[in-house]
Amino acid sequence: MVLSGIIASPVLKANPHLRRVVIWISVIVLDKYIPESVLAIYAHPDDCEVACGGTLSHWGENGSQIAVAVLTSGDKGTSSPDVETNDLIETRRNEMESSAEILGIKKRVLFDHPDGSLRLDVAGLEESIVKLIRQERPDTVVCPDPSALFYGQRYINHRDHRVTGELVVDACSYGASSPKYFPDAGVSHTVKNLFLSASLEPDVGVDISNTLAKKVQALKSHTSQVGNSLEWLEDSVRIRAEEAGKEVGVLYAELFRKFYLA
Ligand SMILES: [Zn+2]
């Protein structure tokens, strides 16, 4: 906590070498920063709950304005070939709405690209993300870490997650902040803090001890994804948060790789 303040201090900002040393020594620090406004950008309807639901709820409870953008409609999020696509889209929209209410998300922006279709060169996609950041003007952006591909031997990161992360990272540095990039996409805006979730190289943790229950509740709203027998869900979310909490000396946490962009 104290270290995260030191890392963000003007002295270390002016001395990148010293700052790198401090970050290296500190490894993962507790981050008590409360943003004024947050924009979380994710690929699928339930991604932000999994990745940062406890953090968004914690920030919202402490006064942050929270907006979430979801790039796809989640129209392939089923293991049953018989599910009607439009019904699934509708179901997932309703699930998002319930979840947003639980987490205190004030605004949702749905891009409705087809699930699995995200690529870096989809026409207009990069510009639409820049435009959204310039419209919302958040001081903090949260998105997936685009560099994470393999998690152990059991999970390969979905391409939609990686593409979303890469586009958002590029939009934060420098698409949205430089007026010469996308001049027709609104007035330039500099994002101060960028949090990358599900990173293989986390360096900060946010205390979600008071909001873990809400994260679990929000995830339970996504019945089409998690089913109705939910004991496993509660246990797995808690165990992961507990492991993360140990890294930063709190009961439950979510970990991120953080960039101080301004
Ligand atoms: Zn996803």
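Visitor: What does the domain assignment give for the protein chain?
Guide: Keep in mind that this is a predicted model. The assignment gives domain 1, residues 1-30, and domain 2, residues 34-260.

Visitor: And how far apart do the C-alpha centres of domain 1 and domain 2 lie?
Guide: Those two centres are 26 Å apart.

Visitor: Which residues of α8 are the buried ones?
Guide: They are L212, K214, K215, V216, A218, L219 and K220.

Visitor: What do they pack against?
Guide: Four helices: α4 (47-61), α5 (85-103), α9 (223-226) and α10 (231-248).

Visitor: Take α4, then. At what angle do α4 and α8 pack?
Guide: The angle is about 135°, and the axes of α4 and α8 are 8 Å apart. That angle makes α4 oblique to α8. As for handedness, the crossing of α4 and α8 is right-handed.

Visitor: Which residues make that contact?
Guide: From α4 you have E49, V50, G53, G54 and S57, while α8 brings in L212, K214, K215, A218 and L219. Sorted by class, the contact of α4 with α8 has 4 nonpolar, 3 polar and 3 charged residues.

Visitor: How about α5: at what angle does α5 pack with α8?
Guide: For α5 and α8 the angle is about 170°, with the axes 8 Å apart. So α5 runs roughly antiparallel to α8. The residues that touch are S99, I102 and L103 on α5, and K214, Q217 and A218 on α8. In the contact of α5 with α8, 3 residues are nonpolar, 2 are polar and 1 is charged.

Visitor: New topic! I clicked on S64. Where is S64 found?
Guide: S64 sits in the loop between α4 and β3, and β3 is residues 65-72.

Visitor: Is S64 buried or exposed?
Guide: Buried, because S64 has 21 C-beta neighbours inside 10 Å, and the cut-off for buried is 20 or more.

Visitor: What is S64 in contact with, leaving aside its neighbours within four places in sequence?
Guide: That list is I34, P35, E36, S37, V38 and W59.

Notes:
Residues are numbered from 1 along each chain as its sequence is written. This is a predicted model: local features need pLDDT of at least 70, side-chain atom pairs count only at pLDDT 80 or more; totals for chains, interfaces and linings use all residues. Domain bounds come from an automatic or database domain assignment. A residue is buried if 20 or more other C-beta atoms lie within 10 Å of its own, exposed if 12 or fewer, and partly exposed in between; C-beta atoms are placed from the backbone. Helices (H or I, at least four residues) and strands (E, at least two) are DSSP runs, numbered from the N terminus. Two residues are in contact if their C-beta atoms, placed from the backbone, lie within 7 Å. Axes are lines fitted to C-alpha atoms, for helices over the stretch in contact, and angles run from 0 to 180 degrees between N-to-C directions. Angles under 35 degrees count as roughly parallel, over 145 as roughly antiparallel, 65 to 115 as roughly perpendicular and the rest as oblique. A crossing is left-handed if the near helix is turned anticlockwise from the far one by less than a right angle, and right-handed if clockwise. Ala, Val, Leu, Ile, Met, Phe, Trp, Tyr, Cys and Pro count as nonpolar, Asp, Glu, Lys and Arg as charged, and the others, Gly among them, as polar.
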